[in-house]
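Here are my notes on the structure for you to read beside the model. Keep the sequence open and find each residue as it comes up.

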Amino acid sequence: MKHGRLYIIMIGVVLSTIIFTLSITGLVSAAVIDKNTVEFAYLFDEGAGVVAKDASVNGRDGAISGAKYVEGKFGTCLEYDGVDDNLVATDYFGVGGINPRTTVFWFKSRETREHSWVKWGPDSPGEKYYIRAHVRGAACNLRVEVNGGNNFGTDNVCDGEWHHCAVVFPKGSDAVKDHDLYVDGKLQVKEGIEKAMNTNDRVQEVNMGNFLASHSFMFGLFDEVAVFNVDLTLDQINAIREQGLGQALGVDPRGKLATNWAMIKTY
Ligand SMILES: [Ca+2]
Ligand SMILES: [Ca+2]
């Protein structure tokens, strides 16, 4: 009898500890990324319509032209036809100068071409800021370029599977090869030509799909794109990649428990 009651008390203590741990990790999860560092974030979970809702505090909703909603990496995503589909972050001209920045997105395609992913700035030396696919035979690699310089990796992101891409320009950097490129959380070897940067953030709105000055329209699936005004750490990038952008930013109430379990596994 006595042992039975002690057993129930013990279970109570264990359950309380589990609930407490979950709530603590929930707080940790919400603090993974500072919301004020998000320039814009599109989850593409609307499922219909022509407005990509900005999950950041800035209200920079995107204008979708042509791209269709289909099943994505997390929830729904945009499917680009490779002909003329585009998305514009209306009235947002990107991060300028040599300010730190991070761009993340998911991409899935079997098409080898110079996919235009995230681009801003005019086509002028050092002022352009284009994140696009670098074609290497039948494969394509993550690449960032300014007019006159570029930096690209070696992992194939056009093999028909989902790939997470992250382009980080660290604080204190001043040239294109200072970027760290990550594909599926793996740091890429830096190839390309060095060039000083002075990104123009006044002339060209951020486009996702349109080739603008050169290369090709994006062809394939695009999900969870965001630009940050800081250099995210690999831990932060992996949190976004593993949990989903919405949960990493603490803006998606769905699957909260899943988030917490993921954090327990991660840390
Ligand atoms: Ca179209
Ligand atoms: Ca989505």
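1. Start with burial. A residue is buried if 20 or more other C-beta atoms lie within 10 Å of its own, exposed if 12 or fewer, and partly exposed in between; the C-beta atoms are placed from the backbone. Now take E71. Is E71 buried or exposed? E71 has 11 C-beta neighbours inside 10 Å, so E71 counts as exposed.

2. Know what you are looking at. This is a predicted model, in which local features need pLDDT of at least 70 and side-chain atom pairs count only at pLDDT 80 or more, while totals for chains, interfaces and linings use all residues. Residues are numbered from 1 along each chain as its sequence is written, and chains are lettered from A and ligands numbered from 1 in the order in which they are written.

3. Next, the overall make-up. The chain has four helices and 15 strands. Both are DSSP runs numbered from the N terminus: helices are H or I with at least four residues, strands are E with at least two. Of the 267 residues in the chain, 44% are buried. Two residues are in contact if their C-beta atoms, placed from the backbone, lie within 7 Å. Take the contacts between residues at least 6 apart in sequence: 64% of them join residues at least 24 apart.

4. Back to E71. E71 sits in strand 4 (residues 68-71). F44 is 27 residues away from E71 along the chain, and their C-alpha atoms are separated by 10.0 Å.

5. Two strands pair if DSSP finds at least two bridges between them. This open sheet runs in the order 8-9-10-11, with antiparallel pairing. Strand 8 (116-120) and strand 11 (149-152) are the edge strands, each pairing on one side only. From one strand to the next, the twist averages 35°. The angles run from 0 to 180 degrees between N-to-C directions, and the axes are lines fitted to C-alpha atoms, for helices over the stretch in contact. Strand 9 (residues 129-136) and strand 10 (residues 139-146) are antiparallel and joined by seven bridges. R132 has R143 in strand 10 as its bridge partner.

6. Strand 3 (residues 62-65) runs antiparallel to strand 6, with four bridges. A63 stands opposite V88 in strand 6.

7. Look at strand 12 (residues 162-169). Six of its eight residues are buried, so strand 12 is largely enclosed by the rest of the structure. Strand 7 (residues 101-108) pairs with strand 12 over eight bridges, in the antiparallel sense. There, C165 in strand 12 is the bridge partner of F105. Strand 13 (residues 180-183) also pairs antiparallel with strand 12, over four bridges. V168 stands opposite D180 in strand 13.

8. F105 returns in the core. A nonpolar core is a set of buried Ala, Val, Leu, Ile, Met, Phe, Trp, Tyr and Cys residues joined through C-beta atoms within 7 Å. The largest one has 63 residues, and A41, F105, F222 and A226 have the most contacts inside it. Strand 15 (residues 219-228) gives the largest share of this core, seven residues. Leaving out residues up to four places away in sequence, F222 touches C77, L78, Y80, F105, F107 and M208.
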